[in-house]
Amino acid sequence: MSVNPQQFLRELFATAIDAAHPQQVLEAHLPKDRSGRVIVIGAGKAAAAMAQVVERCWQGEVSGLVVTRYGHGAPCEKIEVVEAAHPVPDAAGLAVAKRVLELVSNLTEDDRVIFLLSGGGSALLALPAAGITLADKQSINKALLKSGATIGEMNCVRKHLSAIKGGRLGKACWPATVYTYAISDVPGDLATVIASGPTVADPSTSAEALAILKRYNIEVPSSVRNWLQSPESETVKPGDPSLARSHFQLIARPQQSLEAAAVKARQAGFSPLILGDLEGESREVAKVHAGIARQVVLHGQPLAAPCVILSGGETTVTVRGNGRGGRNAEFLLSLTDSLKGLPGVYALAGDTDGIDGSEDNAGAIMTPDSYARAAALGLSASDELDNNNGYGYFEALDALIVTEPTRTNVNDFRAILILESPKNDA
């Protein structure tokens with residue numbers, strides 16, 4: 001089979017990103033009646049690219065404000081684009097959240113609001129609840145990011161410390177009609193979890209938020225604890241009449257990207273195996289992938305080579321070391337350590353937003369000689385894993401993937417390419 005494995009893995013990654021890009025997926029979901037005035041608000045890594053689509057397609061008057069991560073902006077003529085910090089919120093995110101809330105307050109039932117939502121929106125639209133400071137939210141956010149908490153757990157806490165999440169933004173828009181268009185970056189595609197669900201009802205409770213903080217031994221100021229023990233901290237619950245005119249539409253999800261990559265793999269002669277949206281510690285998820293890859297190479301199960309194993313989702317990293325690297329570099333380093341140069345196995349792990357954690361790379365690529373090449377440089381995969389230094393390991397191998405911001409986000413993408421072994425080619 002004449003294929004350049006590394007180039008092909010990059011093409012699969014590009015296919016996955018393209019399948020979730022606002023330019024491809026948003027227009028078909030917009031209201032059929034695109035005349036009249038519309039107020040556009042938005043938050044997330046895809047917000048600016050989504051706003052561009054609305055500007056291009058809407059026939060009536062368009063105005064509004066969206067917030068995206070630094071470096072993820074795109075030029076819009078009618079909708080203001082503001083950039084703020086992610087994954088830890090900053091003053092810019094706080095200021096724009098206040099402005100968004102003001103923009104949709106005091107609307108009438110004749111008004112229409114389009115809310116453009118994508119991954120990252122939770123940190124970017126940061127408006128702490130009464131009595132809670134931005135510094136409080138920043139320190140809790142940092143602790144959650146290092147704790148190994150799942151995205152659902154993190155967002156449960158964020159919602160209950162917010163004046164805008166957990167349905168509160170949707171409630172502020174009442175009695176206007178709200179159309180939320182969302183790109184999912186969370187396992188299970190739950191509307192309540194995507195960017196902490198600013199316009200949808202939330203069944204989680206403040207007591208659950210407190211339990212999560214306790215579970216991960218996260219110390220919080222008394223002001224935060226007192227707020228979470230108050231009935232005022234509860235989010236907007238299912239059945240609340242203020243959300244009766246709020247409509248939610250998922251326009252892209254991780255599964256679509258995995259299926260697009262599977263089609264491309266099949267066209268190139270590789271049998272695809274989609275494992276789906278996965279959660280768990282990056283290093284442990286990698287060990288499971290390594291076990292499947294070994295079974296394919298040694299026994300032709302659960303499918304025979306040549307094949308590609310695909311998965312997505314959002315893994316977690318419990319930070320213990322002082323190294324650099326996000327979830328995807330950690331996954332790939334653990335995979336490298338587990339496979340130790342198993343012949344014919346190549347892998348890519350990357351974040352579809354173009355940013356692995358808070359680094360400047362989207363991810364990295366592993367080849368069958370990565371383990372030996374790194375060892376020749378004096379790098380031990382297991383030692384670097386202990387130090388959470390996936391970035392440093394693959395940087396030394398010149399194997400980082402740098403895409404720049406993609407302006408979409410359906411979270412992690414992983415592809416393990418298994419070529420036919422020499423004994424099968426004979």
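I started with N217, which sits in the loop between α9 (206-215) and α10 (222-228). This is a predicted model, so I read every value as computed. Phi of N217 comes out near 50°, positive although the residue is not a glycine. I also looked up its cover: N217 counts as exposed because its relative accessibility is 67%, and the cut-off for exposed is over 50%.

Next I turned to E404, another non-glycine residue with a positive phi, near 70°. I found E404 in the loop between β11 (400-401) and β12 (412-418). Buried or exposed, I asked of E404? It is exposed, at 52% relative accessibility. E404 also turned up in a surface patch of negative charge, together with D360, E395 and D398.

Why flag these at all? Most residues other than glycine have a negative phi, and most peptide bonds are trans.

One runs from H86 to P87, with omega near 10°; P87 lies in the loop between β3 (79-84) and α4 (91-104). Another runs from Q301 to P302, omega near 0°, and I placed P302 in the loop between α12 (282-299) and β8 (307-313).

Last, the whole chain. I noted 17 helices and 12 strands. The radius of gyration is 22 Å, close to the 22 Å the globule rule gives for 426 residues, so the protein is as compact as a globular protein of that length. Its C-alpha trace spans about 75 × 50 × 35 Å along the principal axes. Of the 426 residues, 59% are buried.

Terms used. Residues numbered from 1 in each chain as written. Predicted model: local features only at pLDDT ≥ 70, side-chain atom pairs only at ≥ 80, totals over all residues. Heavy atoms only, no water. Patch = residues over 30% accessible without salt bridge, like charges linked within 9 Å, V, L, I, M, F, W, Y side chains within 5 Å. Areas by Shrake-Rupley, 256 points an atom, 1.4 Å probe, with all protein chains shown as cover. Salt bridge = Lys/Arg side-chain N within 4 Å of Asp/Glu carboxyl O. Lys, Arg positive; Asp, Glu negative; His and termini not counted. Charge placed at Lys NZ, Arg CZ, Asp CG, Glu CD. Helix = DSSP H or I, 4+ residues; strand = E, 2+ residues; numbered from the N terminus. Rg over C-alpha atoms; globule rule 2.2 N^0.38 Å. Buried < 20%, exposed > 50% of the residue type's maximum accessible area, 1.4 Å probe, protein only.
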